[in-house]
Amino acid sequence: MKNKKIKIEDLSVIYENGDGVRNIYMDVYEGEILTLLGPSGCGKTTILRAIGGFNKATDGKIIIDEEDITKLPPEKRPTSMVFQSYNLWPHMSVYENLAFGLKLRKIDPKIIKKEIDEMLVLLKMKGFEDKYPTQLSGGQAQRIAIARSLLLKPTVLLLDEPFSALDAKIRVQMREELKRIQAELNISIAFVTHDQEEAISLSHRIVVMDKGKIAQIGTPA
């Protein structure tokens, strides 16, 4: 039996208008891609943002590696989130974008360079260090956004519809890339999508959401 990386117990996140999610129980295992699947407004991003610390839990617990992180701010959590819109700094080169979070952690510049080089090789982006985000295609920009998150060595990588802005062919390539990277690093991933095909091709397990509740959890099969 694999270790549980995330354990969510009776989580509710209720917005002022009464929308949100209620009584969510779910786990993410070590080395697993778990996908939250469902239509817009069903609560999947709400759960992901709660794990990342961007949404406050109204009730319940979020436990990562047996530590209760429910009350911790995002920067104190062992998670890293990749958004739909890449969020790369336009005035910084690819290298500077990747180094930013590591510099904040006061890591030795030599180690930063080594880790960025290795990450660019892993993501097949070597040679792009000096380019700026405006010089990248959508798929390349999203790869750099994922690389930036992975460099922070999160226990769990959170991905919120990261490929939805890409065209169909690149989307399929990026899914394969993500599966390869995930297998190489054996990292746990929580992934949000409304695309059924994406969920089935990518995930070890899928959580089907419906109106703020979990309808079903299981393997793609």
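Helix H2 (residues 94-104) contains Phe100; helices here are DSSP runs of H or I with at least four residues, strands are runs of E with at least two, and both are numbered from the N terminus. The model is predicted, with local features needing pLDDT of at least 70 and side-chain atom pairs counting only at pLDDT 80 or more, while totals for chains, interfaces and linings use all residues. Residues are numbered from 1 along each chain as its sequence is written, and side-chain values use heavy atoms, leaving out hydrogens and water.

Phe100 counts as partly exposed because its relative accessibility is 32% (buried is under 20% relative accessible area, exposed over 50%, partly exposed in between, with a 1.4 Å probe and protein chains only). Together with Trp89 and Leu104, Phe100 makes a nonpolar surface patch of about 300 Å².

Turning to the sheet, six strands form an open arrangement with mixed pairing, in the order S6-S7-S8-S3-S9-S10; two strands pair if DSSP finds at least two bridges between them. Strand S6 (79-82) and strand S10 (213-218) are the edge strands, each pairing on one side only. From one strand to the next, the twist averages 20 degrees.

Strand S3 (residues 33-37) pairs with strand S9 (residues 205-210) in the parallel sense over four bridges. Leu34 has Arg205 in S9 as its bridge partner. Helix H1 (residues 44-52) packs on the sheet, touching S3, S6, strand S7 (156-160), strand S8 (188-193) and S9, where contact means heavy atoms within 4.5 Å. Helix H5 (residues 168-185) also packs on the sheet, touching S3, S7 and S8.

Conventions: Patch = residues over 30% accessible without salt bridge, like charges linked within 9 Å, V, L, I, M, F, W, Y side chains within 5 Å. Areas by Shrake-Rupley, 256 points an atom, 1.4 Å probe, with all protein chains shown as cover. Salt bridge = Lys/Arg side-chain N within 4 Å of Asp/Glu carboxyl O. Axes fitted to C-alpha atoms, helices over the stretch in contact; angles between N-to-C directions.
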